[in-house]
Amino acid sequence: MNCISISYRNTPLRIRECCAFSPEEKETFEKKALLLGITGCVVVSTCNRVEIYFTGDGRMIPKIEALFMKEKQIEEALFKKSICVYSQEGALRHLMKVSCGLDSMVLGEDEILRQVKEAYQASMEGKRCDYECNLAFQEAFHVAKAVKTDTELSKTPVSIGTLAAHRVMEFLKKQEKALGGNVLLVGATGKIGGIVARNLLDKEGIHLFLTGRSHNRKQEFFSREENADFVPYEKRYEYINQADVIISATKSPHYTFTKEETALAFQERKKRLFLDLAVPCDVDGEIGKLPHTEIINIDDFKMLSKENNAIKLKEMEKAQIYMEEGLEEIKKALSYHELQKHMEALQELTKKKGISHVLYQLRDRLTGNEIQALVEGLKEVTGEK
C-alpha cells in the first residue's frame, strides 16, 4: 500500500482548501485511479487532511500524483512541496496513526476515525477496495478501538467541535458576560456544527440561534431545547447584531458571511468573535478588519489544542505498542495471502520430491533468523518442545 498525504502539518489552509474532495469527487477519483492499473483506492478528505491510499508498487506513485494534480488543477511545484508520500510499511503505519488520532491536530480525537471509516465504506460499497486495502483498514480500525478502550487518549476525547465550544466560553468570560451570551451557529445540522451545538447547550446562560441549509432530525432535536432557536438561513444577517459569537461550519463552496453584508448588519458596538470551522472557509477574511472583530479558523486551533496534546502525549507509548502489534498482524496476513497463491504448486512439489527437498531449497533462500522462526513455528504446529 502507498499513501499520498496533504495535511495541516506542512500545508496551509488555503492549499488544503484547493485539494479538498467532495463525496462525489472522491468516487470519481477512485474510479479513475483504478483505470491506471491499481486494484484498490480510498480517498480520505477532512478539514485537516487529504490522503489517497492505494495498492501497487512504487511505480504507481507518480501516476496517482499526476491524476491528483490534474483533478485539482494544482501546479506541480506547489503540489510536490505540500505532499508527504508513504510506501508499504510506512503507509500502513501512517494509516494506523491517522485512525487512532495520533496524527491529528487534537491528539487522540475520535472524529477522524469516523471520517476514515466513512471513506473506507464508500470505497468498499463501490468495489474500489481490494484485499490489501480492506485488510489494512480493518486492522487500523481494530487498533484504534483498542487505543480508545485502553488508553487515556480516548477517555478524554477532544475534537475541534469541543475546542470551539471551549473557546466561545473563554471569549464570553473575557467580555464579562456573567450571564452567558448569544451565539449564532450556521451549519448546526452538520457534523462539526452539531458537536459545537451540543457542547454549548450544556453551558449555563448561553442562547443559541441555530441555522442550517436543510431540515433534518438534528433540527428537530435542537428545537426542543429552551435555550436554542432555529432561524431561517436566509435571515442569518438579521441575527448577527444580537450575537456575541458567530460560528460557521458548513460545506458550502461560498462564504456564508461577507465583509460588506456583515458590516451593514453590525449596529451595536461591541466585541464579536467569528469561529470559522469550515474548509473551504465560510467567513470572509476581510471581516477581521472590522472594528472589535476577531476571526479564528481551523488552523488557529493548533494553539488551542497544545495543552490537551501535552496531557495525551504520555499515553502515546502504549498506543504505539498496539500499532506495532497491528502492523505485525497485517504483514503476517498479507504474507500468508501471498503464500496461498503458491499452495497448489507447493503441494505438488512436496508430493513429487518430499518435504526435505522443499526445506533444503528454502535453506539457501532464507536468513538465519527466518529459518529459526520457521523452526519455532514447526515446533508449535507439531507439538514438539
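The secondary structure of this protein chain comes to 19 helices and ten strands. Keep in mind as you look around that the model is predicted. Along the principal axes, the C-alpha atoms fill a box of roughly 90 × 45 × 35 Å. Of the 385 residues in the chain, 47% are buried.

**A four-stranded sheet**

- Let's start with an open sheet of four strands, which follow the order S2-S3-S1-S4 with antiparallel pairing.
- Strand S2 (41-45) and strand S4 (84-87) stand at the edges with a single partner strand each, so one side of each has no neighbour in the sheet.
- On average, neighbouring strands in this sheet are turned by 10° against each other, with direction ignored.
- Five bridges join S2 to strand S3 (residues 49-54), and this pairing is antiparallel.
- You can find a bridge here yourself: Ser45 has Val50 in S3 as its bridge partner.

**Helices across the strands**

- Helix H5 (residues 89-99) lies across strand S1 (2-7), S3 and S4, and runs at about 135° to S3.
- Helix H6 (residues 111-125) lies across S2 and S3, and its direction is at about 145° to S2.

**The largest pocket**

- The largest pocket holds about 1000 Å³ of space.
- Its lining is made of 42 residues, and those nearest the centre are Phe21, Pro23, Ser45, Lys191 and Lys251.
- Two or more lining residues come from each of helix H2 (23-35), S2, H6 and helix H10 (191-201).
- Which element gives the largest share of this lining? That is H6, with seven residues.
- Sorted by class, the lining of the largest pocket has 17 nonpolar, twelve polar and 13 charged residues.

**The second largest pocket**

- About 650 Å³ of space lies in the second largest pocket.
- This pocket is lined by 14 residues, and Leu339, Leu362, Leu366, Glu370 and Leu374 lie nearest its centre.
- Helix H17 (343-353), helix H18 (355-363) and helix H19 (368-382) each supply at least two of the lining residues.
- H19 gives the most, with five residues.
- The lining of the second largest pocket divides into eleven nonpolar, two polar and one charged residues.

- The buried residues in H10 are Ile192, Gly193, Gly194, Ile195, Val196, Ala197, Leu200 and Leu201.
- Asp202 lies in the loop between H10 and strand S6 (206-211).
- Is Asp202 buried or exposed? Asp202 has a relative accessible area of 66% and counts as exposed, because exposed means over 50%.
- Asp202 and Asn227 are 25 residues apart in sequence, and their C-alpha atoms are 9.9 Å apart in space.

**Enclosed cavities**

- Rolling a probe the size of a water molecule over the atoms shows where empty space is left.
- How many cavities of 30 Å³ or more are there? The count comes to two.
- The largest cavity has about 160 Å³ of space.
- Among the 18 residues lining the largest cavity, Asn48, Glu109, Glu111, Gln115 and Ile160 are the closest to its centre.
- H6, helix H9 (160-174) and H10 each give two or more residues to the lining of the largest cavity.
- The largest share of that lining, three residues, comes from H6.
- By class, the lining of the largest cavity has eight nonpolar, six polar and four charged residues.
- The second largest cavity has a volume of about 90 Å³.
- Eleven residues line the second largest cavity, and the closest to its centre are Cys100, Gly108, Asp110, Ala144 and Lys148.
- Helix H7 (131-150) and helix H8 (152-155) each give two or more residues to the lining of the second largest cavity.
- H7 provides the largest share of that lining, three residues.
- The lining of the second largest cavity divides into five nonpolar, three polar and three charged residues.

Note on methods:
Residues are numbered from 1 along each chain as its sequence is written. This is a predicted model: local features need pLDDT of at least 70, side-chain atom pairs count only at pLDDT 80 or more; totals for chains, interfaces and linings use all residues. Side-chain values use heavy atoms; hydrogens and water are left out. Two strands pair if DSSP finds at least two bridges between them. Axes are lines fitted to C-alpha atoms, for helices over the stretch in contact, and angles run from 0 to 180 degrees between N-to-C directions. Contact means heavy atoms within 4.5 Å. On a 1 Å grid over the protein atoms alone, a cavity is a set of points where a 1.4 Å probe fits but cannot get out, and a pocket is an open set with protein on both sides within 12 Å along at least five of seven lines; lining residues have an atom within 4 Å of a point. Grid points are joined across faces, edges and corners, and a volume is the space filled by probe spheres set on the points. Ala, Val, Leu, Ile, Met, Phe, Trp, Tyr, Cys and Pro count as nonpolar, Asp, Glu, Lys and Arg as charged, and the others, Gly among them, as polar. Buried means under 20% relative accessible area, exposed over 50%, partly exposed in between (1.4 Å probe, protein chains only).
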